[in-house]
Amino acid sequence: MIHLEKKANWVRNQVLEMTASAKKGHIGGAFSAIDVLVALYYGGFLRFNPSEPAWEDRDRFILSKGHSTLALYVILADLGFTSWDAFKTYGQNGSFLGAHPDHAIPGIEVDSGSLGNGLGMGAGMALAAKMDQKPVRTVVLLGDGECYEGAIWEAVMFAGHHGLNNLIAIVDRNGQCVTDYTEDCNRLEPFTAKWEACGWEVLSIDGHSFAEIGQALDHGRNRSTQRPLLINAKTIKGKGVSFMEGALEWHHSVPNGEKLVRARRELTWTE
């Protein structure tokens, strides 16, 4: 797991620097989701081909919480979907790398970030794969604040009804939305029970433990059930930088000055 931990720390460093350089970005939610993203892309779960992004038999991944896309851009550039020169234009006028995913970017399946739409699109892709009898998995990463959207629950019911066992939803359960804590402004609990009631299998894990993430993904690969799978990943918003962790202001604040220096220091990898 050490290689995944190192990669995750490297991705956090890149997100930090690009957020500071562009003076924009949603760093808190990107940091909470990075370990899950690294496990998906570097842990051998997702099937993809950077030299052929539209490969027909690729697994489909949708970042429904699209405001965290900077973390995904780093990974796609590192894997060769796009160049580092292109990546470094993030947030600049004329760049094709904006604040939310765009399907014109190699490796991005759909436009997202208008919250609530990703799971429905993923369910449609999963149903199409089943109808075409293709061994393709669809994975959707959602934010927990996003789960206030009614369209999410329509998709949850649809996927359970159709037995989409090739669909995996991962919720970045960091307990925060843009302005508040989820259980204070509009509680989600009992969260997993709602998914189970709609016919989903549910696993709750530590979303920063590569061992637990890996076990959950392995389970998702080798299931015999007809139920779709929810991985409820309990995370910390701003994970990796002490003054960002759990602090509401870091939903989209930009580190500068002494805070940038301190964040760089805390993210320095040591054996």
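Trainee: Which residue in β5 is the bridge partner of V171?
Mentor: In β5, V171 has N232 as its bridge partner. Keep in mind that this is a predicted model, where local features need pLDDT of at least 70, side-chain atom pairs count only at pLDDT 80 or more, and totals for chains, interfaces and linings use all residues. Residues are numbered from 1 along each chain as its sequence is written, and side-chain values use heavy atoms, leaving out hydrogens and water.

Trainee: What stands opposite N232 in β5, then?
Mentor: S204 does. Strand β4 (residues 201-206) pairs with β5 in the parallel sense over 6 bridges. Strand β3 (residues 167-173) also pairs with β5 in the parallel sense over 6 bridges. Strands are DSSP E runs of at least two residues, helices are H or I runs of at least four, both numbered from the N terminus, and pairing takes at least two DSSP bridges.

Trainee: How many of the residues of β5 are buried?
Mentor: 5 of its 6 residues are buried. Buried means under 20% relative accessible area, exposed is over 50%, and partly exposed is in between, with a 1.4 Å probe and protein chains only.

Trainee: Where is T235 found?
Mentor: T235 is in the loop between β5 (229-234) and α10 (257-266).

Trainee: Is T235 buried or exposed?
Mentor: T235 is buried, because its relative accessible area is 9%. Its side chain reaches the backbone nitrogen of N174 at 3.4 Å. Leaving aside neighbours within four places in sequence, T235 is in contact (heavy atoms within 4.5 Å) with residues including S32, D172 and H208.

Trainee: New topic: which residues have the most contacts inside the largest nonpolar core?
Mentor: Those are V15, L40, F61 and I170, in a core of 58 residues. Helix α2 (residues 27-42) gives the most to this core, with 12 residues. A nonpolar core is a set of buried Ala, Val, Leu, Ile, Met, Phe, Trp, Tyr and Cys residues joined through side-chain atoms within 4.5 Å.

Trainee: What is I170 in contact with, skipping its neighbours within four places in sequence?
Mentor: Among them are V36 and L40, along with V139, L217 and I231.

Trainee: Where is the kink in α2 centred?
Mentor: The kink is centred on A33, at about 45°. That bend is the angle between axes fitted to the seven residues ending there and the seven starting there.

Trainee: How many of the residues of α2 are buried?
Mentor: 16 of its 16 residues are buried.

Trainee: And what follows α2?
Mentor: G44 does, and its phi is positive, near 85°.

Definitions and conventions: A polar contact is a pair of N or O atoms within 3.5 Å; within protein, one must be able to donate a hydrogen and the other to accept it, and residues adjacent in sequence count only if both atoms are side-chain atoms.
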